[in-house]
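Below is a short briefing on one structure, for a reader who has not seen it before. Points are grouped by topic.

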Amino acid sequence: MPSLARHQTGPSVNRVRKLAELAPGIGLCVAVSGAAFALETGERMLAGKVWLEALVLAILIGTTVRSLWTPCDRWQDGIAFSTKYLLEVAVVLLGASVSAATIAAAGLPLLVGIAVVVATAILLSFGIGRLLGLPTRMALLIACGNAICGNSAIVAIAPVIGADSDDVVASIAFTAVLGVVVVLGLPLLGLGLGISGAAFGTLAGLTVYAVPQVIAAAAPLGSAAANMGMLVKLVRVLMLGPVCLVLSLVAPRLAPQMPPPSELAGGTLTARRLEAAHLVPWFIIGFLMLVACRSLGLVPNMAIPWISRITTLLTVISMAALGLGVDVRSVTKAGARVTIAVVLSLLVLGTISLTLLTALKIA
C-alpha cells in the first residue's frame, strides 16, 4: 500500500517540482516586464504618448540585466519556458483580433493587393538582406517583420525557422527603432502628398509595424484614416498564418545552409524538422482556429479586450525572457548591416504600398 500511494502521488510531486524549477526564471521575467510597463506608463504620463512600447522596453531591460549579470542554472528553465511556450500561446490568442467579416469589409481588390504587397515585400527584403551578407534566418526575420507586423511577426516566425536568439533580438531592436521613425515621419509624408484620409490610412496600415503604431500614425489625418489603417493592418496580421505555413515547409531545407541555432536562455530554439503529420506548428493551427471562432461569432465581443491584454502581457514576458538570454555584444557586431537591411526593406515596402494605392485609385 505505501508503495502504491507513493506511485499515485508521484506525478503530482513531479509537477510541483517542475513548477518550482520554473518559478525563479518566470518570476524574473515578470519582474522585468513590470519594469517595462512602468516605464511605458511613465512615458505616457510625461510625454502624452508612448515612444517605446513595453514590448521593446522589456527586451532592452532584459538585455541590460543580462549584460550586467549572467543568470545561473536555477533561473534558466523558467526563462526558456517564458521565451518559448508563453510566446506560442500569445500567437494563438492573436487570432481573436481577426474575423472574416472584418476582412471582407476591405473589398476583394484591396485584400488581394495587401497579399501581393506582403509577398513582394518579403521576397525583396529577403533578397536585400542576403545581398548584404546577412544569415538566411536573420534575413527572413527582417523581411517578415518588415512586411507583416514587425516584432510580432519576428517572434512568431523565429521558432518556425529555428532562428538564433541573437538574430531575433537584433531584428527586433532595429525594427523597433525604425518603427518609431515611421510613426513620426509618415504623417508628414501624408500631409505633403495631400492624399485623403482613407488613402493615408491604407498607407499607414501597409507600412507601420505594430497595431498601436498604426493608430498613432494615422490619427493626425482623422478618424477615417485611423479606421482604414486598422482594417488594412488586421489583414496584414492575418498574412502571418499563411507565411508561417510556407516557412514551416521551407524550414527543413534551411538547416544544411547554417550552423545549428545557439542556445536561447538555457534551452535550445531548434529548427522544426517537420514530418508529414506536423506540417504546421501547433500555435499556427490554434491561431487559425481562433480566427474561425471569431468569424463564427463564438468569441464574445466583450472578451476581445481581455484577450488582447493577455496577449500583450504574455508577449512582453516572452520578450523579457528573450532579452535575458542574449549577450548584447553579439548583437552589435551585425548592427550596421542589419540597420541598412531594415532601412532599405522599409523603403521598398513604402514604394510598393504607394504603387498599390495608385493602382487601386485610392486617392
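The structure, a predicted model, holds two aromatic pairs. Rings of Phe, Tyr and Trp (its six-membered ring) pair if their centres lie within 6.5 Å; planes under 30 degrees apart are stacked, over 60 edge-to-face, and the rest tilted. Local features need pLDDT of at least 70 and side-chain atom pairs pLDDT 80 or more, while totals for chains, interfaces and linings use all residues. Residues are numbered from 1 along each chain as its sequence is written, and side-chain values use heavy atoms, without hydrogens and water.

**Aromatic rings**

- Trp69 and Trp75 form an edge-to-face pair, because their planes stand at 85°, with the ring centres 5.5 Å apart.
- Trp69 is partly exposed at 36% relative accessibility (buried is under 20% relative accessible area, exposed over 50%, partly exposed in between, with a 1.4 Å probe and protein chains only).
- Phe81 and Tyr85 make a tilted pair, with 5.4 Å from centre to centre and 40° between the planes.
- Phe81 and Tyr85 are four residues apart in helix α3 (residues 73–94), so about one helical turn separates them. Helices (H or I, at least four residues) and strands (E, at least two) are DSSP runs, numbered from the N terminus.
- Phe81 is partly exposed at 27% relative accessibility, and Tyr85 is partly exposed at 42%.

**Charges over rings**

- Arg74 lies over the face of Trp75, 5.0 Å from the ring centre (the criterion is NZ of Lys or CZ of Arg within 6 Å of the ring centre and within 35 degrees of the ring normal).
- Arg309 lies over the face of Trp306, 4.9 Å from the ring centre.

**Nonpolar cores**

- The largest nonpolar core has 75 residues, and Ile148 and Ile157 have the most contacts inside it. Such a core is a set of buried Ala, Val, Leu, Ile, Met, Phe, Trp, Tyr and Cys residues joined through side-chain atoms within 4.5 Å.
- Helix α14 (residues 304–324) gives this core its largest share, 10 residues.
- A second, separate core of 25 residues includes Ala170, Val182, Val183 and Val208.
- Beyond its neighbours within four places in sequence, Ile148 is in contact (heavy atoms within 4.5 Å) with residues including Val118, Tyr209, Lys233 and Val243.

**Helix α7**

- In helix α7 (residues 151–161), 10 of the 11 residues are buried, among them Asn151, Ile157 and Pro159.

**Whole chain**

- The chain has 16 helices and two strands.
- Of its 363 residues, 50% count as buried.
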